[in-house]
Structure formats: structure tokens, C-alpha cells
Amino acid sequence: EPGPADPHAVGDLGPATDFAAAGPRAVSKTSDTYSVNGCALAYDLYTPAGGASAPLVVLGHGFSRGRARMAAIAEHVASHGARVVTPGYCHSSLADADHEQNGLDAAALAAHLRGGAATVQVGYSAGGASAIVAAVHDDAAVGAMGLDAVDSGTLAQDAAGGLDLPVFGLAGKSNSCNSSNNGLPIYASAAQGWVYRLIDGGHCDFEDPTDYGCTLLCGSANAERQALVRALTAAFVAWATGLDPTGAAWILPGGSELEALITAGRLAPL
């Protein structure tokens, strides 16, 4: 079953899983392509041991980036029990930038791979906007998440208004690389939306591994902040899909792990 309908309440969950640590499951990776909208959409699929029918996460990369830049997040989330697919978007270049179509492609890929399981749509930067579009068109979606999401006009903000499922976000400090936090209205638009600031977070902290193509323009990444992004993504997926209800302690207001992170000055509510 998906997570609770009210994303702003935390019950007595008992001890929370340590989502900062790798999960207990070994992870295998396979690669393939899926023909969609006239494009051979390349993807990597990360499957936890014994999890061939587990919930599916679509984890999208940023504009002009690639699926290899999301590999560490994908493997971490998969180690906690979900399958994770990282598509290489067909429309993510200066010559062909279509974030809405990338979202539609992500929804189609989810339908192709999910096999009846619940799905969660997650994306980084412009991929965050595509993830919101994907969630609207993904009948099996039980949650959506933005990693320093960057909107395209009001594409994702408008789409989020049509979602009645948990929409969680992490945001870095406002700068040109995240279009001055123009993705923040996504969460206010969603019926069940909330977002936290990653303190001192740069745009490259939200992809993992990053590379010179990001850090040259947007500043260096920090390993501790990248690890926190991995942990919170895994926690949200585990909670939203029902794999591990203690994920709520990490991502819902009032949760013990989340409050500890706020007290330690690593996160702040927005």
C-alpha cells in the first residue's frame, strides 16, 4: 500500500531505518532501450536482490546531463528495496529541449517496466520538472520528488496542481544554476507538497556522481550533502511505496530523523 494520505503527520513508527547507510540488498544493473515517441530511450535498471517485482522508481537526470550522473543515487535507493530506472532523456540538449516530452517518456517507461507495481517519479534539475509531468501521466504513481528541481516556465507548477499524491522536494541555495529556485512553486501548487532547503547545497550536490561539466559552472559538490540527498530520496521512496513506513521519520514534518537534521543545521523547511 502507498504511504499515508496525510503527508504532514507522523505516527509512532518505532526505530527508524538508517537510510544514510546502504540498504541490506545487493543490487544488479542491466541496460536496455525502449522505443517511445520515435526515440530509442536508453536506460539503466537497478534491481535489488529478490526485488524483480518491487516498486519502481524513475530517476531522471538534469538538462544536458546523462543517466550515469544519477547512478549512485539509483544504487543506494535500490539497496533499500525498490527497483530504480535511470533513463537517458531523448530531449535534453540545446538542440532538442522538451521537458514535457521527457516527462511523457518517463511515464511510458514506467508503464513498460513496472509490471503492476507502484511507481515513484523523481528527477534532478530540469528532470525534476519532467518527473512532475510524468507523475500526472503515470497511473501507478504514488509519489513524486524533485532534487533541486528547475521548472520550464510554469510547466511543472501547473502539472503539480493536478496531483493528489505526495510531492516532496529538496532545494539548494538560490543561484543561476537552479534558476533562482524557480522550482519552489511546484510544492505550493501540489495538494500534498512540501520542500526542504539543503543548507549550503549547491546544484551539483543533487546529482551523484557529478563531474566537471556541472562543477565548472555551478561549484563543487560536497560528499556529505550528496549522501544526505541519497538518504532522503531512499526514505521518501520507501515511505511512499510502503516498503518501509519508517521513512516517514526522515521526510515528514515532525519526524525524528528530519528534526535532528534541522537541529544540526543540515536542512531547513521552506
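The accessible surface of this protein comes to about 10100 Å², and carbon and sulfur atoms hold 50% of that area (Shrake-Rupley method, 1.4 Å probe; for residues, only the protein chains shown count as cover). The model is predicted: local features need pLDDT of at least 70, side-chain atom pairs count only at pLDDT 80 or more, and totals for chains, interfaces and linings use all residues. Residues are numbered from 1 along each chain as its sequence is written, and side-chain values use heavy atoms, without hydrogens and water.

**Overall build**

- The protein has nine helices and 11 strands (DSSP runs numbered from the N terminus: helices are H or I with at least four residues, strands E with at least two).
- Its radius of gyration is 16 Å, close to the 18 Å that the globule rule gives for 270 residues, so the protein is as compact as a globular protein of that length (taken over C-alpha atoms; the rule is 2.2 Å times the number of residues to the power 0.38).
- Along the principal axes, the C-alpha atoms fill a box of roughly 50 × 40 × 35 Å.
- Of the 270 residues, 55% are buried (under 20% relative accessible area; exposed is over 50%, partly exposed in between; 1.4 Å probe, protein chains only).
- Among contacts with a separation of 6 or more, 69% join residues 24 or more positions apart (contact means heavy atoms within 4.5 Å).

**Charge**

- There are 12 positive and 26 negative side chains (Lys and Arg against Asp and Glu; His and the chain ends are not counted).
- The centres of the two sets lie 8 Å apart (charges placed at NZ of Lys, CZ of Arg, CG of Asp or CD of Glu).

**Disulfides**

- The whole structure holds three disulfides (cysteine sulfur atoms within 2.5 Å).
- In sequence order, the bonded cysteines pair as 1-2, 3-6, 4-5.
- Cys39 and Cys90 are bonded, with sulfur atoms 1.8 Å apart. Cys39 lies in strand E2 and Cys90 in the loop between strands E4 and E5, so the pair ties together parts 51 residues apart in sequence. Both Cys39 and Cys90 are buried.
- Cys177 and Cys218 are bonded at 2.1 Å between sulfur atoms. Cys177 sits in the loop between strand E9 and helix H5, Cys218 in helix H6, 41 residues apart.
- Cys204 and Cys214 are bonded too, their sulfur atoms 2.0 Å apart. The torsion about their S-S bond is about -105 degrees, so this disulfide is left-handed. Cys204 is buried at 0% relative accessibility, and Cys214 is buried at 5%.
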